[in-house]
Amino acid sequence: MALSMAACKPQNVAAVLAIGGELSEKSLKKAVYAPVPIWLCDTNEDTVSYFVRANETHKLHENRWECPFNQLQCVEIHPEADMCPVFLEKVWKELFRKVRRTNTGRFGNVMHRTDIAKYNGEYFIENTELGDQNGMPHTWLTFVPDSVKSMPEGTKVPLMLFFHGGSDNPEEAAEMAGFHEIGEREGFITVYPWGSNRCSWNIFMNDNEPDDAAYSAALIKYMVVNYPVDPSRIYLSGFSNGSSQAMVTAMVYPELIAAICPIDGNWPGERVGPSEVDYADIRPMALAMSKKEKYDYRMPVWYTYGTREPSYPVFRGSTQQHQYDFWKQYNHIPVKKTPEKGNLVTGGVGVPGDETEIRYSSGRFAEHWYSVNRFYSDDPEPINLYNYIMMHDKGHEIAEMDPYFGWEYVKHFRRKKDGSLEIN
């Protein structure tokens, strides 16, 4: 059964240990040849041959095959294996503990899991030092890279806050996004906060729930005081409900944020009434525009979405149209009408960018590709302040290059003390 699942429904399987058994003729006919890391014991030659081919592997030695561009895609033979605890512990440490499957392709992709200790992860649990909301306790996970610790005293580095998705937690967020791994290479600190209710973020800013925007602002200020953080280079990202939290925090506290790169949000939601402005959850937008009356903030946005998400293709009245129209208006970008559901443009993006480009992913996942839609402000010297990026064949998930492309955009912006942006 496990072998048949791996061959025919690999999107549901991260890795397999199979002791005995073999792929049936029917399973081989229905197999889709997608990679699934596997350890095999006491099976037939056809079963081994299938997984060697599906994982795109080359033989390393007598009993192990590995994929040259993704070493996690492996086939290993254990002729003498049994279900003893020593062997099962070996399977856990060397296979299951290292591998996860992401919903970033038609049949998913084989990705690595993160090692918190390796990247200097430090938990702050039920901490009351932030001082917001009468000392409400909060939990977050911080990564300060070795590359930052070794910098000369007084050096200030960027900070990336990544907000988890609904029902997730900081450790899951770290595994999905991997911003701390980018931070090790690029020299920035990463924080993964946990929502006040330990499940989701108060993106609607309901008065009867904790103020997560205030919590986010307090955490940013805490990091600036207690770590070598450059206050002009604070960036936000997040996934799903956390993507919305990143946008809400940037709307309410633009003076603290240099740029954002949210991923896969489905907010602010559908209309709740007949009017174009009848939405249940536009309070953050209203607060943002009220703040803009005092100072005309701009907020650079790199927003990534997948073509297997619920609001694809983008049409008038969908969640995606609401958020991109808001950010265009906020950033002085001409707002064009999004086509109705029955009259969609090719590409499914709603309103194509002022400039568009095709961008490919890493060599590990050559089938991943992005369409980047860049929008420019109507300033005398137009500025690229909003980007809508479609990753093709991605479901509700973070792909390997989503955070990296986001970082490559946001790192060029600084928020100056007077509220203006500096663009490098």
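Visitor: Does Asn 55 count as buried or exposed?

Guide: This is a predicted model, in which local features need pLDDT of at least 70 and side-chain atom pairs count only at pLDDT 80 or more, while totals for chains, interfaces and linings use all residues. Residues are numbered from 1 along each chain as its sequence is written, and side-chain values use heavy atoms, with hydrogens and water left out. The classes are buried (under 20% relative accessible area), exposed (over 50%) and partly exposed (in between), for a 1.4 Å probe and protein chains only. Because its relative accessibility is 0%, Asn 55 counts as buried.

Visitor: Which residues does Asn 55 touch, not counting residues up to four places away in sequence?

Guide: Asn 55 belongs to the loop between helix H3 (45-54) and strand S3 (58-61); helices (H or I, at least four residues) and strands (E, at least two) are DSSP runs, numbered from the N terminus. Contact requires heavy atoms within 4.5 Å. With residues up to four places away in sequence set aside, the residues touched by Asn 55 are Pro 35, Val 36, Pro 37, Ile 38, Cys 67, Gln 73, Cys 74 and Val 75.

Visitor: How many Å separate the backbone oxygen of Phe 51 from a polar atom of the side chain of Asn 55?

Guide: A polar contact is a pair of N or O atoms within 3.5 Å; within protein, one must be able to donate a hydrogen and the other to accept it, and residues adjacent in sequence count only if both atoms are side-chain atoms. A polar atom in the side chain of Asn 55 and the backbone oxygen of Phe 51 are separated by 2.9 Å.

Visitor: How many Å apart in space are Pro 10 and Ala 34, C-alpha to C-alpha?

Guide: Pro 10 sits in the loop between helix H1 (2-8) and strand S1 (16-19), and its relative accessibility of 0% makes it buried. Beyond four places in sequence, Pro 10 touches Met 5, Val 32, Ala 34, Val 36, Arg 101 and Phe 107. Although Pro 10 and Ala 34 are 24 residues apart in sequence, their C-alpha to C-alpha distance is 6.5 Å.

Visitor: Which residue caps the N-terminal end of H6?

Guide: Helix H6 (residues 170-177) is mostly covered, with 6 of its 8 residues buried. The buried residues of H6 are Pro 170, Ala 173, Ala 174, Glu 175, Met 176 and Ala 177. After H6 comes Gly 178, with a positive phi near 65°. At the N-terminal end of H6, a side-chain oxygen lies 3.0 Å from the backbone nitrogen of Glu 171, and the capping residue is Asn 169.

Visitor: Which residues is Asp 402 in contact with, leaving aside its neighbours within four places in sequence?

Guide: Asp 402 is located in helix H12 (residues 402-410). Its relative accessibility is 1%, so Asp 402 counts as buried. Apart from neighbours within four places in sequence, its contacts are Ile 263, Thr 304, Tyr 370, Met 391, Lys 394 and Glu 397.

Visitor: How many aromatic pairs does the count come to?

Guide: Rings of Phe, Tyr and Trp (its six-membered ring) pair if their centres lie within 6.5 Å; planes under 30 degrees apart count as stacked, over 60 as edge-to-face and the rest as tilted. By this rule the number of aromatic pairs is 24.

Visitor: What is the angle between the planes of Phe 188 and Trp 407?

Guide: Phe 188 and Trp 407 are both buried. Phe 188 lies in the loop between helix H7 (179-186) and strand S11 (189-193) and Trp 407 in helix H12, so their pairing ties together parts that are 219 residues apart in sequence. This aromatic pair is tilted, with 4.2 Å from centre to centre and a plane angle of 35°.

Visitor: Why is the pair of Tyr 370 and Phe 405 edge-to-face?

Guide: Tyr 370 and Phe 405 are each buried. Tyr 370 belongs to strand S16 (residues 369-376) and Phe 405 to helix H12, so the pair ties together parts that are 35 residues apart in sequence. The ring centres of Tyr 370 and Phe 405 are 5.1 Å apart, and the pair is edge-to-face because its planes lie at 85°.
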